[in-house]
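Subject: Structure handover

Dear colleague,

I am passing on the structure we spoke of, with the sequence and coordinates placed below. My notes come after it.

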Amino acid sequence: MSASDFKDGLIKEIPNLRAFAASLSGSMQLADDLVQDTLLKAWGNSDKFEPGTSLRAWLFTILRNTYYSLYRKRGREVQDSEGTYAERIAVHGNQESHLDLADFRKALAKLPEEQREVLIMVGATGLSYEEAAEICGVAIGTIKSRVNRARTKLAELLSIGGLDDLGPDRQSAAAVQRTGAEIVRL
Amino acid sequence: MSDVDLEMTEPDRGDDQELEPILDPKVQESIGRSLKAHYDDLVNAPIPDKFLVLLAQLEAQEQRASAGGTTNERL
């Protein structure tokens with residue numbers, strides 16, 4: 001793989017790297033620092049990337065390890081002092097989904113990191129359970145278990161435990177929380 | 001830069017042995033949709049120029065190095 005092809009591959013993955021980094025760290029500012037570090041490390045170690053394998057999975061591994069070794073503590077400090085990033089970066093979409101998204105992000109931020117990261121990986125990034133297992137260095141069963149627990153915890157945080165709480169037209173789990181919190185159900 | 005960062009070090013804690021509650025499929029779907037909305041919103045955000053500048057610099061640096069080094073050292 002030429003340097004130019006590798007560079008193009010990295011550029012294509014930047015949006016996913018930022019999204020994953022923000023989900024992991026809870027801060028857009030930290031996410032961008034993390035992405036920059038990841039790109040530098042990837043470039044410096046490009047000879048270790050095996051063409052034909054998933055560049056995204058490889059980059060996520062670097063990003064995740066960088067986060068756990070350098071950024072995790074900083075992330076907590078930033079979250080504590082500035083609150084979550086939810087309000088500041090939810091700038092797309094209409095007003096209603098904006099609010100729902102902010103609610104969902106607050107709940108997401110409350111999950112343990114090990115659950116949040118796998119939920120994002122398999123639920124949003126298109127990575128497989130196998131790839132997530134490899135990235136995290138754990139068994140596939142562990143990934144499945146973490147995803148299950150993450151979903152259960154989110155449902156609990158968003159108060160959407162029962163069937164009745166979910167109308168067919170709901171766009172978002174978070175939307176239910178607004179009414180669910182106020183209306184006493186049987 | 002350390003090679004350690006590229007390796008997968010976290011031990012398997014074997015926490016897949018607990019019994020898991022099964023969530024209602026509709027709840028799962030709803031969470032899935034919110035998850036995608038959250039992630040897609042981030043993915044669709046514009047990329048800061050600094051990343052493209054950084055990669056262009058790295059590439060230029062490598063080209064200079066392989067060409068035996070020329071002028072214009074900016075990094």
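Predicted model: local features only at pLDDT ≥ 70, side-chain atom pairs only at ≥ 80, totals over all residues.

Chain B has a mean pLDDT of 75, with 63% of its residues at 70 or more. Within chain B, residues 1-5 have pLDDT below 50, and this stretch makes seven contacts in the model beyond near neighbours in sequence. Residues 7-17 of chain B also stay under 50 in pLDDT. For residues 7-17 of chain B, the model has 17 contacts beyond four places in sequence.

As for secondary structure, chain B contains two helices and zero strands. Of the 75 residues in chain B, 17% are buried.

Chain A is assigned two domains: domain 1 spans 1-89 and domain 2 spans 94-186. Where they meet, 14 residues of domain 1 of chain A are in contact with 13 residues of domain 2 of chain A. On the domain 1 side, the elements of chain A that give two or more residues are α1 (3-25), α3 (55-82) and α4 (86-89). The largest share of that side comes from α3(A), with five residues. By residue class, the side of domain 1 of chain A that touches domain 2 of chain A has five nonpolar, six polar and three charged residues.

Regards

Note on methods: Residues numbered from 1 in each chain as written. Chains lettered and ligands numbered in written order. pLDDT = per-residue confidence, 0-100. Contact = placed C-beta atoms within 7 Å. Helix = DSSP H or I, 4+ residues; strand = E, 2+ residues; numbered from the N terminus. Buried ≥ 20, exposed ≤ 12 C-beta atoms within 10 Å, placed from the backbone. Domains from an automatic or database assignment. Nonpolar A, V, L, I, M, F, W, Y, C, P; charged D, E, K, R; others polar.
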